[in-house]
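Subject: Structure for your review

Dear colleague,

Please find the sequence and the structure below. A summary of what was found follows them.

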Amino acid sequence: MEKLKLDELTGEQICFQLILHSGNARSKVIQSIREYRAGSVQKAEELLQQAEDDLQQSHDIHFQMIQKEAGGGKNEFSLLLLHAEDHLMSTLTMKELVSELLELFKEKSL
C-alpha cells in the first residue's frame with residue numbers, strides 16, 4: 001500500500017486516516033478471535049496478520065507526525081487527534097493481547 005504523505009493532508013484528514021486504519025485493525029482482531037473460537041485457526045492467524053498490516057499504516061502516519069514535531073514543525077492538537085491516538089493505542093494493546101491469547105489457546109489444545 002502506498003505511504004501517505006502528511007503534508008498533503010489536513011489535520012482532520014490525518015486523524016481520520018489514523019482512525020480508519022486502526023479501526024480496520026480492531027475489527028480484524030475481534031474477528032480473529034471469533035474465527036479461532038469457531039475452529040478456524042488459519043483464518044484467525046490471517047486476520048491477525050491483516051490487522052498488523054493495517055496497524056503499520058497507522059504507525060507510519062504516527063511516526064511521520066513525530067518526525068515533523070522533532071524537526072521543529074507543529075502538529076495541530078484537537079479532541080479528534082486525541083480520539084485517533086486513543087483508538088490506535090487501544091487497538092495495539094488489543095492486538096497484542098489477542099495474539100498472546102491465541103498462542104496460549106494453541107498450547108492448551110496440544
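A residue is called buried here when its relative accessible area is under 20%, and exposed when that area is over 50%. By this criterion, buried residues account for 32% of the 110 residues in the protein. Please note that this is a predicted model.

Overall architecture

The protein contains three helices and zero strands, and from the N terminus on its elements run α-α-α. The C-alpha trace spans about 55 × 25 × 20 Å along its principal axes. Among contacts between residues at least 6 apart in sequence, 77% join residues at least 24 apart.

Packing of α2 and α3

Two packed helices are described by the angle between their axes and the distance between the axes. Helix α2 covers residues 41-70 and helix α3 covers residues 79-109; they pack at an angle of about 150°, with their axes 11 Å apart. Angles over 145 degrees count as roughly antiparallel, and α2 and α3 are therefore roughly antiparallel to each other. The crossing in which α2 passes α3 is left-handed.

On the α2 side, the contact is made by Val41, Ala44, Glu45, Leu48, Glu52, Leu55, Ser58, His62 and Met65. The α3 side contributes Leu81, Glu85, Leu88, Met89, Thr91, Leu92, Lys95, Val98, Ser99, Leu102 and Lys106. By class, the residues of this contact divide into eleven nonpolar, four polar and five charged.

In soluble globular proteins, nonpolar side chains tend to be buried together. The largest nonpolar core in this model has 19 residues, of which Leu18, Ile61, Met65 and Leu102 touch the most other members. The elements giving two or more residues to this core are α1 (11-37), α2 and α3. The largest share, seven residues, comes from α1.

Two of the names above, Met65 and Leu102, also belong to the contact of α2 with α3. Leaving aside residues up to four places away in sequence, Met65 touches Leu6, Ile14, Leu18, Asn75 and Leu81.

With kind regards

Definitions and conventions
Residues numbered from 1 in each chain as written. Predicted model: local features only at pLDDT ≥ 70, side-chain atom pairs only at ≥ 80, totals over all residues. Heavy atoms only, no water. Axes fitted to C-alpha atoms, helices over the stretch in contact; angles between N-to-C directions. Helix = DSSP H or I, 4+ residues; strand = E, 2+ residues; numbered from the N terminus. Parallel < 35°, antiparallel > 145°, perpendicular 65-115°, else oblique. Left-handed = near helix turned anticlockwise from the far one by under 90°. Contact = heavy atoms within 4.5 Å. Nonpolar A, V, L, I, M, F, W, Y, C, P; charged D, E, K, R; others polar. Core = buried A, V, L, I, M, F, W, Y, C linked by side-chain atoms within 4.5 Å. Buried < 20%, exposed > 50% of the residue type's maximum accessible area, 1.4 Å probe, protein only.
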